[in-house]
Amino acid sequence: MLDHVGLAVSDFERSKAFYVAVLKTLDIDLLADFTFGRDHHAGFGKARPTFWIGDGKPARGEMHIAFTAASRAQVSAFHSVGISMGGRDNGPPGIRAHYHPNYFGAFVLDPDGHNIEAVCHEPE
């Protein structure tokens, strides 16, 4: 349904380093990194960039973006690396049975306060 998502960040280099480290735990790589005029852009994905960050006026703490994890171990690694990169805990790895019995997710607030999540829907 969605082709890509873009997020304006307040400090491009800090956010790029954060997302490179955090998304690597989910096998998501930095696939594009360029400057157009005075604006910086970085695109992350597997086959093509589907998640973008760039300079701009960020909507601080307004977004919630969930990334698919292949395993519960990836969810835990995502959370751990997110915290180590300066993110703030917004929900440790665990079952969220109110969504469904196998919903295993973790939440981290990124450098701009956005709620980013890794989620695995597979049973243990």
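**A guided reading of the predicted model**

H79 is found in helix α2. The model is a predicted one.

Visitor: Is H79 buried or exposed?
Guide: A residue is classed as buried when its relative accessible area is under 20%. The relative accessibility of H79 is 11%, so H79 counts as buried.

Visitor: With which residues is H79 in contact, leaving aside its neighbours within four places in sequence?
Guide: The question concerns heavy atoms within 4.5 Å of one another. With the neighbours within four places in sequence set aside, the contacts of H79 are D89, G91, P92, P93, A106, F107 and V108.

Visitor: How many Å apart are the end C-alpha atoms of helix α2?
Guide: Helix α2 covers residues 72–84, which is 13 residues. At 1.5 Å a residue, a span of 18 Å should result.

Visitor: Which residues of α2 are buried, and what arc do they cover around the axis?
Guide: The buried residues of α2 are R72, Q74, V75, F78, H79 and G82. Their directions place them on the same side of α2, because the arc that they cover around the axis is only 160 degrees.

Visitor: Which residues are exposed on the other side of α2, and against which elements do the buried residues pack?
Guide: On the other side of α2, the exposed residues are A73 and S84. The buried residues of α2, in turn, pack against α1 (12–24), β6 (88–95), β7 (104–109) and β8 (115–120).

Visitor: Which residue just after α2 takes a positive phi?
Guide: The place to look is just after α2. A phi of about 100 degrees, which is positive, is found there at G86.

Visitor: In what order do the elements of the chain run, and what is its radius of gyration?
Guide: The chain has two helices and eight strands. Starting at the N terminus, their order is β-α-β-β-β-β-α-β-β-β. For 124 residues the globule rule gives 14 Å, and the chain comes close to that value, so it is as compact as a globular protein of that length; its radius of gyration is 14 Å.

Visitor: What percentage of contacts between residues at least 6 apart in sequence join residues at least 24 apart?
Guide: Buried residues account for 42% of the 124 residues in the chain. As for the contacts between residues at least 6 apart in sequence, the share that joins residues at least 24 apart is 54%.

Visitor: How many aromatic pairs are there, and how are F34 and W52 arranged?
Guide: Rings are paired when their centres lie within 6.5 Å, and the count comes to seven aromatic pairs. The centres of F34 and W52 are 6.0 Å apart and their planes stand at 70 degrees, so the pair is edge-to-face. This pair links distant parts of the chain, with F34 in strand β2 (residues 29–36) and W52 in strand β4 (residues 49–55), 18 residues apart.

Visitor: How are the rings of F51 and F67 arranged, and which residues form one aromatic cluster?
Guide: With centres 5.1 Å apart and planes at 90 degrees, the rings of F51 and F67 form a pair that is edge-to-face. F51 lies in strand β4 and F67 in strand β5 (residues 64–68), 16 residues apart, so the pair links distant parts of the chain. Both F51 and F67 are buried. One aromatic cluster is formed by F18, Y19, F44, F51 and F67.

Key. Residues are numbered from 1 along each chain as its sequence is written. This is a predicted model: local features need pLDDT of at least 70, side-chain atom pairs count only at pLDDT 80 or more; totals for chains, interfaces and linings use all residues. Side-chain values use heavy atoms; hydrogens and water are left out. Helices (H or I, at least four residues) and strands (E, at least two) are DSSP runs, numbered from the N terminus. The expected span of a helix is 1.5 Å times one less than its number of residues. Buried means under 20% relative accessible area, exposed over 50%, partly exposed in between (1.4 Å probe, protein chains only). The arc is that of the directions from the helix axis to the C-beta atoms. The radius of gyration is taken over C-alpha atoms; the globule rule is 2.2 Å times the number of residues to the power 0.38. Rings of Phe, Tyr and Trp (its six-membered ring) pair if their centres lie within 6.5 Å; planes under 30 degrees apart count as stacked, over 60 as edge-to-face and the rest as tilted.
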